Structures are given as structure tokens and as C-alpha cells.
Amino acid sequence: MRRFFLSVFCAAAWSIASTASSPAADMEAVKKKAELCATCHGENGISQTENVPSLAGQPDQFIQWQLVFFRSGSRKSEQMQSIVEQLDNQDIRNLGAYFASLTPPKATKDDNPDLSKKGAQAANGRRCANCHTDSFAGKGAVARIAGQREEYLLKALHDYKSGARSGGGMAAMADVAYPLSEEEITALAHYLAHL
């Protein structure tokens, strides 16, 4: 009988504990953590800062993995290092879900359709859609690259090409970026930024 009451008590305690924190309260805590990110990555995850990516609409797992890479030091950034060392695993999971839930940036009007056409050919030739999806919105641990800041895409492609950026599935990106010419990198970044 005593064991029965103990089981009932434990079940009741677990039930209360699991419902004690409301999703709204959790979301407020996540938004507060995300304020640290807004300084560079912009309000609602849409960057206004050169060479800093927008995070809004990035796949949940992609954000999580990048934060883990920064925290472990396998991806280098002085600015990010001081922030990610304050994050625990739950913070990382929460931030991934938060930024994935935000509306991605709207593409700007394409001021050079001919360059975009060359970029589309480069994307097709390098099979970018195999990982980043046909809409280049990314999935799982693969980045959304549609509508990303153009100069950031240029930087990222150069970093992959030179080997300055690595970690996770980045070996695939190094293989794709290494043979790209400067003209192809410029065209590809322009095309993707205006999707």
C-alpha cells in the first residue's frame, strides 16, 4: 500500500512539475536570451550588419549545430565565443527553435538579373539544391541560403573555399566551394541573396 501511495505521489509531482512552467513564460525567457543575438543579427533575426547572417527562418537543427560548433571552438569567432560560452544545451535548443519560428528576410529586388542567371547556373551545376532544397530554404542541419545577405554569402563561400570554415557536414561545402571561380562565387551569392 505504501508503495502505491508513493507511486501516486511521484506521478502527481511529475505532472505538476511538467505543467508548472507555461510555454508563454518559456518563450519570454528565450526571447530575453535572443536579445543578445539581436545586437549583431538584427531585430527578429534579420541582420542589418555587414558580414553577419540573418538567423530568422534558419532550420532549428542548423542553428543548434552552429552554436555547438562555436561553443566547442571548431568554428571560430571572437564575438560569438563570448556569447556561446554562456549557453547551456537547453539554451541552444531553445534558440534553435526560436529563430526557426521567425519569418525569414524578404528578398530585395534583383538589380542584376543577368548575374542571377549565371548564379542559377552555378547553383544547378554544383547541385546546391541537393542539400539546401529546391527553394534553398534548407532543412535539418542544412542552412537556409535563400534571401541571406549577399556579402555574407560571399564571405561564407570564400571561407569554405579557403578551408577557413569547417565542422559538421562542412566537408561537402569545401568540396563544392573549392573549384568555384571568383565569378561563380559572386554570381552564386547574388542569385541566392535575391531569392
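At 8% relative accessibility, S116 counts as buried, where buried means under 20% relative accessible area, exposed over 50% and partly exposed in between, with a 1.4 Å probe and protein chains only. The model is predicted, so local features need pLDDT of at least 70 and side-chain atom pairs count only at pLDDT 80 or more, while totals for chains, interfaces and linings use all residues. Residues are numbered from 1 along each chain as its sequence is written, and side-chain values use heavy atoms, with hydrogens and water left out.

**Exercise 1.** Determine which residues S116 touches, leaving aside those up to four places away in sequence.

*Solution.* Start by placing S116 in helix α6, helices being DSSP runs of H or I with at least four residues, numbered from the N terminus.

**Exercise 2.** Describe how the axes of α6 and α10 are arranged.

*Solution.* The axes of α6 (residues 113-125) and α10 (residues 182-193) come within 7 Å and cross at roughly 105°. That makes α6 roughly perpendicular to α10, a label given to angles of 65 to 115 degrees. Among the residues making the contact are S116 of α6 and H190 and Y191 of α10.

Definitions and conventions:
Axes are lines fitted to C-alpha atoms, for helices over the stretch in contact, and angles run from 0 to 180 degrees between N-to-C directions. Helices (H or I, at least four residues) and strands (E, at least two) are DSSP runs, numbered from the N terminus. Angles under 35 degrees count as roughly parallel, over 145 as roughly antiparallel, 65 to 115 as roughly perpendicular and the rest as oblique. Contact means heavy atoms within 4.5 Å.
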